[in-house]
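Work through the exercises below with the model open. Try each task before reading its solution.

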Amino acid sequence: MEDPGTESTAQPDGWRPDVLPGFEQRTLPLAPDFEGEVVATLVRRAPGEADGAPDAGIDVLYVHGWTDYFFQTHLAAFWERQGARFYALDLRKYGRSLREHQTPGFVTALLTYDEDVEAALAAIGHGAEPSSDRRLVLMGHSTGGLVLSLWAAYKPGRAVALVLNSPWLEFQTRSVGRWMLEPGLRAQAALAPRSHLVNVDLGYYVRSVSNRYDGAWEIDPAWRPDNGWRTTPAWLTAIFQGQDRVSRGLGIDVPVLVLLSARSTAPVRWTPEMMRTDSVLEVGGVARRVPALGSLVTLVRLDGALHDVTLSAPDVRDVVWRETARWFAAYVPPRPEPEPEEPSRAGSWWRRAFRRRGRADRARAGSADPGPGAVTAPAPSPAPPPGRG
């Protein structure tokens with residue numbers, strides 16, 4: 001739910017302290033929907049808190065997945081080490097943006113999130129009419145990866161690269177499952193769009209990541225419930241439509257990096273394998289969809305990775321950082337230093353005239369340091385040594 005007690009500490013530009021130490025948040029008002037007030041929330045490192053790496057002139061915007069919010073401060077630190085400014089977006093009805101009157105995570109079309117993304121980009125200078133000359137890199141996890149993939153396809157030329165962390169490009173039962181389920185879901189969505197479907201999340205993924213169980217990360221159960229949220233037919237129909245669009249090819253025009261676990265474990269009962277596999281997505285189906293994203297796509301399969309690869313064990317995270325940094329250096333290199341301006345013709349003429357006048361003055365004064373091209377008398381020969389006797 002909304003973080004209480006922070007409105008009174010907001011700065012004139014809207015930034016105020018976040019629940020994460022050393023970070024700030026800014027509420028982004030959006031158009032109300034049928035449930036009432038709607039907002040998104042932008043998060044950034046507080047000024048002066050970053051590690052001071054040389055600025056690469058790049059901004060990174062990160063979008064989370066289903067039943068999720070931004071808490072991965074180590075991800076922000078990684079991008080800051082690359083010289084980027086890092087921002088994270090809690091979408092409407094998630095995390096910091098969730099309000100009491102709302103159905104968590106509910107939308108009827110993924111296109112709805114365009115307003116959230118555009119509001120965040122406008123706040124950091126990358127709106128439809130940009131006010132910044134910095135370059136934009138987008139990063140999305142799971143559902144956020146699907147949302148940003150569609151956005152990048154519909155808005156070419158806005159970002160220079162896209163990073164996808166286990167993007168939900170295909171349903172767990174693959175396209176056959178989508179085709180079988182979608183007609184019934186569509187009908188149910190028309191009659192009762194917010195009715196609850198059967199909950200298949202038994203809490204195994206949270207068990208693998210939360211430090212309240214077998215994981216290592218501090219996760220707020222109010223914003224990331226152990227058993228997730230009950231999905232709705234309208235929301236799942238929107239997911240199916242987005243995945244169908246991916247299957248037909250997106251033609252994204254910038255380099256894309258996809259980070260994906262090497263293996264999945266079906267979440268039917270707890271097993272220790274869930275500590276080193278993706279227990280949310282069927283990664284084989286996702287991997288098959290990766291080439292449909294665009295013409296320049298890099299797929300990195302990570303042995304031992306969880307669904308959010310950045311929450312994996314330290315040895316796996318080291319691979320995540322290394323491969324992402326290598327891809328980043330190859331496809332998003334720093335801007336070259338501006339070349340010095342050529343001297344104007346007038347300036348060149350003035351310097352040539354000044355040099356000619358200087359040589360003439362030195363010649364008249366009998367300077368011992370003649371200029372280039374000056375003619376001087378030969379030096380006298382040394383006197384012969386005196387004879388003996």
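Two strands pair if DSSP finds at least two bridges between them. Strands (E, at least two residues) and helices (H or I, at least four) are DSSP runs, numbered from the N terminus. The model is predicted: local features need pLDDT of at least 70, side-chain atom pairs count only at pLDDT 80 or more, and totals for chains, interfaces and linings use all residues. Residues are numbered from 1 along each chain as its sequence is written, and side-chain values use heavy atoms, with hydrogens and water left out.

**Exercise 1. The sheet**

Task: find in which sense β3 and β5 pair, and over how many bridges.

Solution. Start with β3 (residues 36-45) and β5 (residues 84-90). They pair in the antiparallel sense, over 4 bridges. Next, pick Arg-44: its bridge partner in β5 is Tyr-87. Now place the pair in the whole sheet, which is open, has 9 strands and shows mixed pairing. The order is β1-β2-β3-β5-β4-β6-β7-β8-β9. Finish at the edges: β1 (16-17) and β9 (297-302) each have a single partner strand, so one side of each lacks a neighbour in the sheet.

**Exercise 2. Helices on the sheet**

Solution. Axes are lines fitted to C-alpha atoms, for helices over the stretch in contact, and angles run from 0 to 180 degrees between N-to-C directions.

**Exercise 3. Two helices**

Task: describe how α2 meets α3.

Solution. Begin with geometry. The axes of α2 (residues 113-123) and α3 (residues 143-154) come within 11 Å and cross at roughly 75°. That makes α2 roughly perpendicular to α3 (65 to 115 degrees). Now list the contacts (heavy atoms within 4.5 Å). From α2 come Tyr-113, Asp-114, Val-117, Glu-118 and Leu-121. From α3 come Val-147, Leu-148 and Trp-151. Sort them by class: 6 are nonpolar, none polar and 2 charged. Here Ala, Val, Leu, Ile, Met, Phe, Trp, Tyr, Cys and Pro count as nonpolar, Asp, Glu, Lys and Arg as charged, and the others, Gly among them, as polar.

Conventions
Parallel < 35°, antiparallel > 145°, perpendicular 65-115°, else oblique.
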